[in-house]
Amino acid sequence: MEERQREPEKQELPKFDFMREQIKERPINKRKLLRRTAMTASMAVLFGMVACLTVLVLEPVFNNWLYPEKAAENINFPPETQEMLPEDMALVDEELEESEPEEETPEETEAAPERIDEMELYRKTYGRLQKLAADVSRSLVTVTGVTSDKDWFDNTYENKGQTAGVIIANNGREYLVLASAEPVKAVEAINVTFCDNSQAQAQIKMTDTITGLAVLAIDNKEIADTTREQIATAKLGGSNYASLTGSPVIAMGSPGGISGSMIYGVATSSGNELNTVDSRYKLITTDIYGSRAGTGVLINLQGEIIGVIDQKYNAPDMENMISAVGISELRMTIERLSNGKSQAYMGIYGTDVTEEANEKLQVPFGAYVTGIELDSPAMQAGIQSGDVIVSLNGRTVGNYDEYIRALQDSTPGSTVNVTLMRKNQEEYKAMSFLAPLGELD
């Protein structure tokens with residue numbers, strides 16, 4: 001019993017030694033860190049470039065969507081008046097009526113005959129001419145082409161070429177200015193100075209190598225509202241009326257070689273035909289003595305432009321007499337340039353078939369070919385001097401002007417069907433040719 005009551009002996013628990021672990025930091029891989037840093041920076045730059053490109057591309061789209069810009073209107077000039085009526089030229093007669101004295105009693109009339117103050121009439125006449133010219137000057141501008149150059153000492157300076165221009169239209173987005181193309185060729189900037197001396201930047205819209213003219217475009221946003229209130233669009237008249245020769249004209253722009261100059265005179269002729277390829281223009285000569293480098297426009301007594309001054313066609317003994325290309329023939333060219341359309345090229349010089357040639361020589365009416373340019377589409381198609389073109393792409397051609405209109409309505413690079421009459425022994429026979437049109441440079 002005593003053994004059972006004996007308390008059990010306490011057993012000692014085994015002792016454990018715990019492991020103590022020390023965590024060491026991983027050594028920095030500098031090469032890997034540098035590579036990751038470079039990759040992160042590259043991705044940031046790439047993201048920034050994509051973001052910038054997206055903004056640049058989408059900004060105009062959103063702007064056009066939120067603030068739609070007005071589309072440019074097609075320019076169509078109204079038809080010209082073929083003949084100037086006598087009453088339209090009665091400037092002196094109107095001044096005579098204005099200068100008539102008040103009605104006198106019979107006694108006064110018998111005592112002293114009616115007299116007209118010639119000096120007063122002279123003053124009023126030129127005063128009205130000055131007022132007319134001042135109104136037209138609102139549509140005139142000075143076009144300056146600017147280029148940079150360096151002198152012998154490597155100092156930069158600017159070269160400036162100037163010419164007179166005229167505002168011919170506003171297509172809803174741009175003001176269009178007609179001017180000589182020579183001073184604005186290969187320039188760094190084109191500045192246009194308006195009648196209120198404000199300036200705006202312009203861009204070349206289209207040029208014509210035959211006439212040497214260019215149409216410049218000025219964004220409407222570049223012109224202040226105050227300037228828009230001052231400027232005006234010029235009115236195009238006509239130059240194909242018989243009464244033009246001998247009628248008063250005003251040369252404006254830079255006829256005297258100085259910007260803003262103005263000279264009165266008389267048209268001395270208007271039927272001199274200029275021999276140009278695929279086109280026909282007429283030269284207006286005047287008795288106005290000006291500069292050989294004169295530019296600008298000729299206007300009539302209604303303030304309409306009847307010609308664009310161009311001195312390169314002057315005869316050697318008439319170099320200083322102001323002459324101009326008639327606006328009637330220029331109208332189609334100006335309209336085409338204003339709408340930014342290229343000119344189809346055939347390479348033909350031509351004229352009309354007169355009634356006398358038709359009756360006596362049986363030459364059919366059409367566009368009579370007087371010459372062909374070397375290596376032109378016309379030469380490659382087989383067209384020859386002496387042929388008479390009577391149809392172009394199914395469009396009847398009764399004279400040279402109708403040929404010009406049909407060609408201007410054609411697309412450069414297209415192939416047209418040309419029907420012509422060619423003399424074979426004693427009679428003219430119809431022939432057809434396919435001519436691939438070029439583009440006038």
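Me: Which residues is Leu 178 in contact with, leaving aside its neighbours within four places in sequence?

Reply: In soluble globular proteins, nonpolar side chains tend to be buried together. In this predicted model, Leu 178 is in contact (heavy atoms within 4.5 Å) with Ala 164, Gly 165, Val 166, Ile 168, Leu 213, Ala 214, Val 215, Val 308 and Ile 334, its neighbours within four places in sequence being left aside. Local features need pLDDT of at least 70, side-chain atom pairs count only at pLDDT 80 or more, and totals for chains, interfaces and linings use all residues. Residues are numbered from 1 along each chain as its sequence is written, and side-chain values use heavy atoms, with hydrogens and water left out.

Me: How are the rings of Tyr 122 and Tyr 126 placed?

Reply: A pair of aromatic rings is described by the distance of the centres and the angle of the planes. Rings of Phe, Tyr and Trp (its six-membered ring) pair if their centres lie within 6.5 Å, and planes under 30 degrees apart count as stacked, over 60 as edge-to-face and the rest as tilted. By this rule there are three aromatic pairs. The centres of Tyr 122 and Tyr 126 are 4.7 Å apart with the planes at 45°, so the pair is tilted.

Me: Which aromatic pair do Tyr 126 and Tyr 264 form?

Reply: Theirs is edge-to-face, at 5.4 Å centre to centre and 65° between the planes. Tyr 126 lies in helix H5 and Tyr 264 in strand S10 (residues 261-276), so the pair ties together parts that are 138 residues apart in sequence; helices (H or I, at least four residues) and strands (E, at least two) are DSSP runs, numbered from the N terminus.
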